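This report looks at local packing in a predicted model. The text begins with a single loop residue and then turns to helix packing.

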Amino acid sequence: MKIIFVRHGHPDYVNDCLTELGHKQAHQAALRLENEGIEHIFSSSCGRAYETALHTAKLLSKDVTKLDFIREIKWGSSDGKEVYKDGHPWDTSLYAVSQGYSLMDEEWTKKEPFCNNVVFSEIERVAAQTDEWLLSLGYKREGANYRVVGDNTDKTIALFSHGGSSSALFSHVLNLPFFYLCRAICPDFTAITVLSLSNEKGTLTAPMIELANDSRHIKSGGVSYEM
């Protein structure tokens, strides 16, 4: 199975929708995905991701299935104690690096001012529900890997979501620290990341990264990244 992950286009966060620029980006992403053989389209239940998915769905004459578990994650203090800045994962990862912490070693996340961030419970939630979703697609989590248990896993699907929730998903399925991925794969608007898993039933498999944070369709289409 090939899973194509797409971040939403330029957003109006207040109204949870796309801006005019975001719609242009989403259109370019749809053109980029037109010939990928996508059979099913999934989207976060947030408006900005759903509106991005609709561009591809319209072009391919497909429906969009909303998934609430991949809504954007929350962050900030869980107990009223100070979190670095507002606890934003990307700011936190940058600050950790500036302090000399290795993002591959998560011991620093157990210390103040990091340890009381609600993002950790959000990461756990996404991880658990990611496994439920993958099981519905024919992949059962076993330890750090996945057993191919489905009969119809030789297909390509697309999932439109967010920078934070997709990083939480990647952290779980790739067995890599979340904050490391916040630096290693920091997705641009409508950036495309592709993971593939074996379709040989009965085997254990781990996802392979075929593409990461590809937003060439934006530049090639003459559309900017920002307003």
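His8 has a relative accessible area of 1%, and because buried means under 20%, this residue counts as buried. In the predicted model, His8 sits in the loop that links β1 (2–7) with β2 (11–12). Leaving aside residues up to four places away in sequence, His8 touches Tyr13, Arg48, Ala49, Thr52, Ser161, His162, Phe189 and Thr190.

One of these neighbours, Thr52, also belongs to the contact between α1 and α2. Helix α1 (residues 20–33) and helix α2 (residues 47–60) pack with their axes 8 Å apart and at an angle of about 40 degrees, which makes α1 oblique to α2. The crossing in which α1 passes α2 is right-handed, and the residues that make the contact are set out by helix below.

| Helix | Residues in the contact |
|---|---|
| α1 | His23, Ala26, His27, Ala30, Leu31, Leu33 |
| α2 | Glu51, Thr52, His55, Thr56, Leu59 |

By residue class, the contact of α1 with α2 divides into five nonpolar, five polar and one charged.

In helix α3 (residues 89–98), the buried residues are Pro89, Trp90, Thr92, Ser93 and Ala96. Viewed down the axis of α3, these buried residues fall within an arc of 160 degrees, and they therefore line one face of the helix. They pack against α4 (119–136), α5 (163–174) and α6 (178–184). Just after α3, the backbone at Gly100 adopts a positive phi of about 90 degrees.

Definitions and conventions. Residues are numbered from 1 along each chain as its sequence is written. This is a predicted model: local features need pLDDT of at least 70, side-chain atom pairs count only at pLDDT 80 or more; totals for chains, interfaces and linings use all residues. Side-chain values use heavy atoms; hydrogens and water are left out. Buried means under 20% relative accessible area, exposed over 50%, partly exposed in between (1.4 Å probe, protein chains only). Helices (H or I, at least four residues) and strands (E, at least two) are DSSP runs, numbered from the N terminus. The arc is that of the directions from the helix axis to the C-beta atoms. Contact means heavy atoms within 4.5 Å. Axes are lines fitted to C-alpha atoms, for helices over the stretch in contact, and angles run from 0 to 180 degrees between N-to-C directions. Angles under 35 degrees count as roughly parallel, over 145 as roughly antiparallel, 65 to 115 as roughly perpendicular and the rest as oblique. A crossing is left-handed if the near helix is turned anticlockwise from the far one by less than a right angle, and right-handed if clockwise. Ala, Val, Leu, Ile, Met, Phe, Trp, Tyr, Cys and Pro count as nonpolar, Asp, Glu, Lys and Arg as charged, and the others, Gly among them, as polar.
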